[in-house]
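The sequence and structure are shown first.

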Amino acid sequence: MKSMKGLALAIVALAISAGMTMSSCGDSGNGSKADSSANKGGDENTILGAGATFPNPLYSKMFSEYNKTTGLKVNYQSIGSGGGIQQLTAKTVDFGASDAPMNAKQDSALTAPVIHIPATAGAVVISYNLPDLKDTLKLTPDAVAKIFMGEIKKWNDKAIASINPGVKLPAMDIQVAHRSDGSGTTNIFTTYLSKVNKDWESKVGKGSSVNWPVGLGGKGNEGVAGSIKQTPGGIGYVELAYAIQSNMAFAKLQNKAGNFITPSIASVTAAANITIPADAKVSLTNTDAPDGYPISGLSWILVYKEQKYDNRSAEKVSKMLKLIQWMIHDGQQYSAALNYAPLSPAAVAVGDAQLKSVTYDGKPVLQ
């Protein structure tokens, strides 16, 4: 009997332990829902954010460095732009992050206005897995659109071979990877394809989520990058930093001027050298700049213009806005090393103006 009683106690203890383990891991992984206790007054020194995976490597570095000097903690969940907008709408995070400006449908779900603050600029690259290819692949807008529409099915198709004379391309099936979640990266990519290919525009269109004609979905830039790396013949679109950090090949892409451009800080900076409107909502895709990379984009931090809600304190709001202000100024020093383009002076000026428009109980927070 003693042994049976001991066994029963052991089983109970094991069940409790397993429950505790599952509970502690529930918010790690892909972070589909943030713990909202911090932004409802539970922790004045922790800021909650969620959204875009595109700038996540840079944001992680920025938040780490800011913590060293201020002690402020930032819990950022890289769950995709769509998820970030949903959580901001539900007011379960202090700020959202998106690689696409909020659209009219998303705005209509809000209970109060949200402002956009440009935080960084980067490139969406066409990455591929051709293990025996020694040359850097060149692609035209038409070829990219037809690959992702499933009209070009083999790597040695003449539409690709003609752009890459002298390059030995394999007679291998093309395996398309794309995002499965609502994604600003997808918005940048499909906005570009809609600009350069009429068939894509009419049959697929642009947006944070689209009905993909072909391919397998992956969650986040991480998921798509992982799919490409694991699939010989794979191709997909990912943020430049993920491609470089994962040692992935990516194509030179022909821009509007007819030049084949390697995605880089310099070519993204060239694409971003434009007038930024007062609301900061602007697309950088299919740039006119002769040396600009054509699939470039801004990424924004999103906050409510009026910050007195859900028992938020003025002190915590001030901490958050000072963090964002630091990100668009001093924090830009960390961009280049992680393959993001520092914000242009015009984008910084617009970001400052947006931040100064934020109020707490109707009064400006930053002076």
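## Helix pair

Contact here means heavy atoms within 4.5 Å. The model is predicted. On that definition of contact, Leu321, Ile324, Gln325 and Ile328 in α12 meet Val348, Gly351, Asp352 and Leu355 in α13. Sorted by class, the contact of α12 with α13 has five nonpolar, two polar and one charged residues.

Helix α12 spans residues 314-328 and helix α13 spans residues 345-356; their axes come within 10 Å and cross at roughly 175°. Angles over 145 degrees count as roughly antiparallel, so α12 is roughly antiparallel to α13.

## Largest pocket

The volume of the largest pocket is about 550 Å³. Its lining comprises 28 residues, of which Ala100, Pro101, Asn103, Asn187 and Ser208 are the closest to the centre. Helix α3 provides the largest share, five residues.

In terms of residue class, the lining of the largest pocket divides into 16 polar, 10 nonpolar and two charged residues.

## Second largest pocket

For the second largest pocket, the volume is about 210 Å³. Of the 14 residues that line the second largest pocket, Tyr128, Asn129, Leu130, Met248 and Ala249 are the closest to its centre. The class composition of this lining is seven nonpolar, four polar and three charged residues.

How values were computed
Residues are numbered from 1 along each chain as its sequence is written. This is a predicted model: local features need pLDDT of at least 70, side-chain atom pairs count only at pLDDT 80 or more; totals for chains, interfaces and linings use all residues. Side-chain values use heavy atoms; hydrogens and water are left out. Axes are lines fitted to C-alpha atoms, for helices over the stretch in contact, and angles run from 0 to 180 degrees between N-to-C directions. Helices (H or I, at least four residues) and strands (E, at least two) are DSSP runs, numbered from the N terminus. Angles under 35 degrees count as roughly parallel, over 145 as roughly antiparallel, 65 to 115 as roughly perpendicular and the rest as oblique. Ala, Val, Leu, Ile, Met, Phe, Trp, Tyr, Cys and Pro count as nonpolar, Asp, Glu, Lys and Arg as charged, and the others, Gly among them, as polar. On a 1 Å grid over the protein atoms alone, a cavity is a set of points where a 1.4 Å probe fits but cannot get out, and a pocket is an open set with protein on both sides within 12 Å along at least five of seven lines; lining residues have an atom within 4 Å of a point. Grid points are joined across faces, edges and corners, and a volume is the space filled by probe spheres set on the points.
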